[in-house]
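Dear colleague,

I am handing over a structure that may be new to you, and I would be glad if you looked through it with the notes below beside you.

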Amino acid sequence: MSPAMLQASSLCVSAALSGAASRPGRLASQGHQGKRAVAQPLAASAVTEAAPPAPVVAPPARPVDAPRRRGGRGGGGGGGELVAWKSVRQERWEGALEVDGELPLWLDGTYLRNGPGLWNLGDYGFRHLFDGYATLVRVSFCGGRAVGAHRQIESEAYKAARAHGKVCYREFSEVPKPDNFLSYVGQLATLFSGSSLTDNSNTGVVMLGDGRVLCLTETIKGSIQVDPDTLDTVGKFQYTDKLGGLIHSAHPIVTDTEFWTLIPDLIRPGYVVARMDAGSNERQFVGRVDCRGGPAPGWVHSFPVTEHYVVVPEMPLRYCAKNLLRAEPTPLYKFEWHLESGSYMHVMCKASGKIVASVEVPPFVTFHFINAYEETDEEGRVTAIIADCCEHNANTAILDKLRLHNLRSSSGQDVLPDARYVHTRATRRRPAVNLLRYACTYARWMTGNTMCRVGRFRIPLDGSQFGELETALDPEEHGRGMDMCSINPAHVGREYRYAYACGARRPCNFPNTLTKVDLVERTAKNWHEEGSVPSEPFFVPRPGATEEDDGVAISMVSAKDGSGYALVLDGKTFEEVARAKFPYGLPYGLHCCWVPRNRNSK
Ligand SMILES: CC(=O)/C=C/C=C(C)/C=C/C1=C(C)CCCC1(C)C
Ligand SMILES: CC(/C=C/C=O)=C\C=C\C=O
Ligand SMILES: [Fe+2]
């Protein structure tokens with residue numbers, strides 16, 4: 001058993017044996033080099049100080065400028081105000097969590113969530129949700145008990161910011177301020193080599209087939225291995241191949257045996273599709289898709305695969321080399337909207353790297369593909385690819401809504417653009433229909449009545465030129481909000497029925513519900529607690545389950561009273577099973593993974 005696994009099981013034992021598990025705010029002390037806890041008070045200047053020695057177990061954190069008050073329903077740290085959009089700096093915190101309800105005994109492992117939880121450097125506040133320094137929160141479940149932990153990821157970008165008290169690398173919207181013209185010219189030069197790009201891995205976290213756990217963002221250098229038990233930053237994940245590239249999709253598709261990724265090519269507009277075997281650090285070139293429109297590839301935050309194919313989306317929201325060079329953010333940050341360039345979906349055969357379909361589709365805006373699968377005829381021949389996404393109704397306004405100023409100032413107002421769950425259908429006779437759809441999309445834009453929906457693409461494999469994009473269920477079912485989706489991992493690339501996501505209860509300025517979507521019945525079940533901000537509900541199947549929704553969905557909630565807790569919902573009924581309460585409030589976070597206790601480890 002590796003030291004990390006030993007530590008994990010001792011955590012389980014200490015949580016199970018210690019009475020601290022039922023006392024909020026009490027910390028299960030877990031020795032680390034025999035040091036005592038060092039307080040990390042969240043003064044606004046905390047991050048600008050020279051790096052202090054890492055504390056063993058820090059006391060409960062307070063967000064920047066939050067009052068010190070106790071109590072509140074959600075757990076310790078309540079009685080204040082919503083912490084979701086405030087920096088909560090924890091260099092190393094760990095403690096037993098008070099549990100309300102009954103945690104299933106089969107839930108045995110670690111839920112890990114990554115996200116940009118630190119948006120302040122001294123007096124300086126970052127602009128955008130996606131700028132924050134990477135923050136890992138974990139809850140380890142064992143024997144009906146829960147132990148929480150919280151740490152910053154030690155990226156070069158974060159360490160440099162702490163040491164110098166300023167942004168030193170190019171983040172999503174933040175750029176280091178040059179001291180003079182010469183240093184500006186120097187910065188431009190480093191942009192081309194990629195050395196000025198951030199490695200702040202604040203987006204996703206995945207467990208590779210060999211048990212290694214990686215935090216990821218859109219820069220390739222921002223692939224960082226972490227220890228899921230201690231949350232230690234193990235080091236950079238070095239890709240040992242010669243594929244190059246500076247950016248990639250933040251959401252590789254990871255299975256027990258492989259890892260698929262997309263590498264956009266900004267010089268010769270297109271995408272490289274690559275795969276890596278579990279246990280390896282070497283990506284292999286599979287094939288290339290040339291863009292059909294526009295001066296640059298479309299943003300590929302994520303993409304889906306089926307059993308035999310990789311789906312490569314080409315959105316009209318495209319990377320923009322000029323915007324990459326700018327010191328001040330543009331309305332669409334590093335991107336540009338090129339409606340005239342068209343929108344396309346490409347399908348590549350995993351085995352041969354050949355493109356088997358490339359269709360034009362109505363314009364769309366998505367961060368997150370949910371899943372894809374192959375549609376077959378009676379003879380078992382694959383006739384089309386179905387690909388689902390959280391679609392923001394071809395409206396780029398969502399990027400602006402995720403500015404911290406908007407998230408902090410417009411709560412209570414109904415300013416979240418609508419989203420939907422959509423699919424596409426492709427035939428040769430569609431141009432007129434598509435034109436009509438574009439017109440409808442823009443009519444909705446003009447009236448401000450846009451929709452956020454589950455978008456379903458249908459991409460036929462019969463040589464048709466056009467694909468369709470349809471709304472998979474009435475967006476009113478999930479309040480016209482839809483993002484941050486997970487599904488049963490056994491259904492990745494295969495037909496599926498259920499998706500778990502964040503939806504909306506209007507009025508709101510950000511998704512504020514958890515929603516279970518049933519794509520067969522075209523209905524949704526919703527969980528909501530007034531004023532709370534829940535993050536991605538991550539589905540964990542029950543070991544041995546045969547039904548798709550037999551398991552739990554785990555989310556972390558930043559509650560209205562300033563508290564924070566992990567919420568466990570029943571995968572079938574979507575009723576609350578239990579909540580494990582942190583003794584302080586949690587910042588919002590993005591994506592999650594599940595690390596079973598008996599994982600392989602390297
Ligand atoms: C958190 C999230 O969802 C997205 C994060 C995206 C990031 C950090 C993108 C960063 C980028 C750069 C630092 C330079 C190159 C362009 C781009 C990929 C947008
Ligand atoms: C949180 C989010 C969108 C919410 C809108 O409805 C998008 C996050 C993207 C990055 O992972
Ligand atoms: Fe994402």
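A polar contact, as the term is used here, is a pair of N or O atoms within 3.5 Å; within protein, one must be able to donate a hydrogen and the other to accept it, and residues adjacent in sequence count only if both atoms are side-chain atoms. The model is predicted, so local features need pLDDT of at least 70 and side-chain atom pairs count only at pLDDT 80 or more, while totals for chains, interfaces and linings use all residues. Residues are numbered from 1 along each chain as its sequence is written, chains are lettered from A and ligands numbered from 1 in the order in which they are written, and side-chain values use heavy atoms, leaving out hydrogens and water.

Ligand 2 has an oxygen atom 3.1 Å from a polar side-chain atom of H301, and such contacts also involve H368 at 3.2 Å and H591 at 2.9 Å. Taken alone, ligand 2 exposes 340 Å², of which the protein buries 99% (Shrake-Rupley method, 1.4 Å probe; for residues, only the protein chains shown count as cover).

H301 counts as buried because its relative accessibility is 7%, and H591 is buried with 6% (buried means under 20% relative accessible area, exposed over 50%, partly exposed in between, with a 1.4 Å probe and protein chains only).

Best regards
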